Every structure is written in structure tokens, then in C-alpha cells.
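Please look over the sequence and the fold before reading on.

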Amino acid sequence: MIAPVPSNTKKSHPNILMRRAMDEALSDPPDRLADLAWAAGFVDGEGCISIVKQTFKDPKRRPIYRVRVQVAQSDLGVLKKLQNILGVQSSIAEIKWRSDQNDWAYSLIIDGRHAMGALLLIEPFLRRKKHQARACFDFWEQCQMGVHPGPRGIPEDIWKTREDYFKRLKRMK
């Protein structure tokens, strides 16, 4: 069971979504809980929870910020298992091989609302990266992510808050 992440966060506070996701996860079979705990441990040890910033050459165009969960691993089967457990839209990319690597490496990449859905599922089980996940929940709510800005665009204070969260998560690494 995957906790949905609504496109309009003004109607659903992330903490309510976390509670709902946890309630649903706890009502799942014990194997599901074990899988989510395993996934959280894997993300804790091998993953990266961040806010990424995409910039453009056109100076008039604002950057795009999004939540990302990324896990790199040489065992493709393990990444596919993690992808299956999380059950959210994601992609697995091959990382360019370098001469100092012993084996090929792969990266599971989950972006935007799909990353938020994954974090809602694993946050109760996270240890080392729990504060990063919670910062992403705050970012999603305070920065009006997933909300269509309308004809006037996003207010300047929201842009500043987005940049602040981007920098805050970078400092947490």
C-alpha cells in the first residue's frame, strides 16, 4: 500500500500524510513491515536524500527544485528489489564505469512527489537520515511544492525559502 502524495499540499499537511502512511504500513502484513524497514536501512546506509536544483541558461528562467532519493549500488538486483518494495515511479541508471571501480554501478533515482511517497513509507524506520526526510516534508509544505502557481507565479518569499531549504539539506550531508 503506497501513501499518496497529493498535488495540493495546502489541503494535506505532510505530518498527517506521515501518520496515514504509518497507519497503513502498520496494518500491512509483517513481511511488508520488514521490507519497509530493510528499505529504510538500505537508504540510510547507501542512499542520499536531497533537494536538487536544476538551473537554465536563460537568466529569465527560474530554477526548478525537487526532492530526490537516490541510491547507488553495484548489485542491480538489490536496487530492483528496493524499487519494488517502495513501489513508486523511479528509474535505475547505469553509472559510467571508471577505471578505479571493480564492477559496474547503478543508481536508483526517485524524484519529486514520488520521492515524497517513498519517504513517507520509510521515514518511521530511518535512523541516520530521518532529519533529512523531515526537512523534505517541511520543504514540500512550506515551499508549496506540487501547487500550480497560477497566473501571478510563485511569490518571491517562496523562492527564497526554496533556496534556503536547498542549502540547508546540502549542509546536512
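Confidence is given as pLDDT, the predictor's own figure for each residue, from 0 to 100. The model is predicted, with local features needing pLDDT of at least 70 and side-chain atom pairs counting only at pLDDT 80 or more, while totals for chains, interfaces and linings use all residues. Residues are numbered from 1 along each chain as its sequence is written, and side-chain values use heavy atoms, without hydrogens or water.

Over residues 1-11 pLDDT stays under 50, although the model has 35 contacts for them beyond four places in sequence, a contact being heavy atoms within 4.5 Å. Where pLDDT is low, predicted coordinates should not be read in detail.

| Part | Mean pLDDT |
|---|---|
| Chain | 86 |
| Helix H1 (residues 14-26) | 58 |
| Strand S1 | 97 |

Helices (H or I, at least four residues) and strands (E, at least two) are DSSP runs, numbered from the N terminus.

The largest nonpolar core has 42 residues, with Leu119 and Ile122 making the most contacts inside it; such a core is a set of buried Ala, Val, Leu, Ile, Met, Phe, Trp, Tyr and Cys residues joined through side-chain atoms within 4.5 Å. Helix H4 gives the most to this core, with 7 residues.

Buried means under 20% relative accessible area, exposed over 50%, and partly exposed in between (1.4 Å probe, protein chains only). In helix H6 the buried residues include Trp159, Tyr165 and Phe166, and they line one face because they fall within an arc of 160° seen down the axis, the arc being that of directions from the helix axis to the C-beta atoms. On the other side of H6, Glu156, Asp157, Lys160 and Arg171 are exposed.
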